[in-house]
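Visitor: I am new to this one, so please show me around.
Guide: Gladly; take a look first, and then ask away.

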Amino acid sequence: MTDENKHYIRQLNAGALPWDIEPETRQQEEHPVFAQAQPVIREGARVQPLPDDFAPSREILEFLQAHQGIPLDFIATQLIDFKLYWHETGEARKAWQNKFKSHVIYQWKRNQSETGQRSHRSTAEKLTDRSWDDGFQFEDGDE
């Protein structure tokens with residue numbers, strides 16, 4: 001342990017607050033195993049209300065299209081709803097891009113579920129459905 005660190009610890013033990021101790025006297029001690037200075041902890045994203053000029057990033061748009069199969073026109077309609085809702089609430093968040101991505105995925109799945117439920121078929125239609133055998137061929141070539 002260096003003399004500067006000993007001095008810093010003595011000041012702390014004497015009741016000094018860390019922010020009152022001169023910064024020159026406080027240096028980081030090297031890690032005993034890795035022999036490197038301890039990493040500096042950086043601040044994360046700041047909490048802020050939704051910016052007026054919010055727009056989804058190119059990466060988010062590409063992700064939603066490629067991995068979720070969501071068309072751009074659906075994403076555009078969700079952007080309007082998203083902005084109206086969050087501007088009205090005035091809530092502050094850290095990760096607006098991620099919040100938008102989650103919103104669009106949720107709304108897309110909900111939309112797909114609702115449209116799937118609307119296409120009801122009667123029991124007779126379900127029982128006589130032979131769409132499963134389209135293109136089915138027997139070994140002798142007959143369909």
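Predicted model: local features only at pLDDT ≥ 70, side-chain atom pairs only at ≥ 80, totals over all residues.

**A guided tour**

Visitor: In what order do the elements run from the N terminus on?
Guide: Helices are DSSP runs of H or I with at least four residues, strands are runs of E with at least two, and both are numbered from the N terminus. The chain has five helices and two strands. Read from the N terminus, their order is α-β-α-α-β-α-α.

Visitor: How much of the chain counts as buried?
Guide: The accessible surface, found by the Shrake-Rupley method with a 1.4 Å probe and only the protein chains shown as cover for residues, comes to about 11,800 Å², with 51% belonging to carbon and sulfur atoms. Of the 143 residues, the share counted as buried is 15%.

Visitor: Which kind of aromatic pair do F74 and W108 make?
Guide: Rings of Phe, Tyr and Trp (its six-membered ring) pair if their centres lie within 6.5 Å; planes under 30 degrees apart count as stacked, over 60 as edge-to-face and the rest as tilted. The count comes to eight aromatic pairs. For F74 and W108, the ring centres are 5.0 Å apart and the planes stand at 75°, so the pair is edge-to-face.

Visitor: How many residues apart are F74 and W108?
Guide: This pair links distant parts of the chain. F74 sits in helix α3 and W108 in helix α4, and their separation is 34 residues.

Visitor: And which kind of pair do F82 and W86 make?
Guide: Their ring centres are 6.3 Å apart with planes at 55°, so this pair is tilted. The two are four residues apart in helix α3, which means about one helical turn between them. F82 is buried at 1% relative accessibility and W86 is buried at 8%.

Visitor: Which residues have the most contacts inside the largest nonpolar core?
Guide: A nonpolar core is a set of buried Ala, Val, Leu, Ile, Met, Phe, Trp, Tyr and Cys residues joined through side-chain atoms within 4.5 Å. The largest has 15 residues, and those with the most contacts inside it are F54, L64, I70, F82, F100 and V104. At least two residues of this core come from each of α2 (58-68), α3 and α4 (96-118). So, to answer by name, because the contacts inside this core set the list, the residues are F54, L64, I70, F82, F100 and V104.

Visitor: Why do the buried residues of α3 lie on the same side, and what arc do they cover?
Guide: In α3, F74, I75, Q78, L79, F82 and W86 are buried. The arc is taken from the directions from the helix axis to the C-beta atoms. They lie on the same side of α3 because their arc around the axis is only 140°.

Visitor: Which exposed residues sit on the face of α3 turned away from its buried side?
Guide: One of them is E88, which counts as exposed because its relative accessibility is 72%. The exposed residues on that face are D73, I80, L84 and E88.

Visitor: Which residues is Q78 in contact with, leaving aside neighbours within four places in sequence?
Guide: Q78 lies in helix α3 (residues 72-89) and, at 9% relative accessibility, counts as buried. Contact means heavy atoms within 4.5 Å. The partners of Q78 are F100, H103, V104 and Q107.

Visitor: How far apart are the C-alpha atoms of K94 and R46?
Guide: K94 is in the loop between β2 (92-93) and α4, and counts as exposed because its relative accessibility is 53%. Leaving aside neighbours within four places in sequence, K94 is in contact with A45, R46 and V47. K94 and R46 are 48 residues apart along the chain, yet their C-alpha atoms are separated by 5.6 Å.

Methods. Residues numbered from 1 in each chain as written. Heavy atoms only, no water. Buried < 20%, exposed > 50% of the residue type's maximum accessible area, 1.4 Å probe, protein only.
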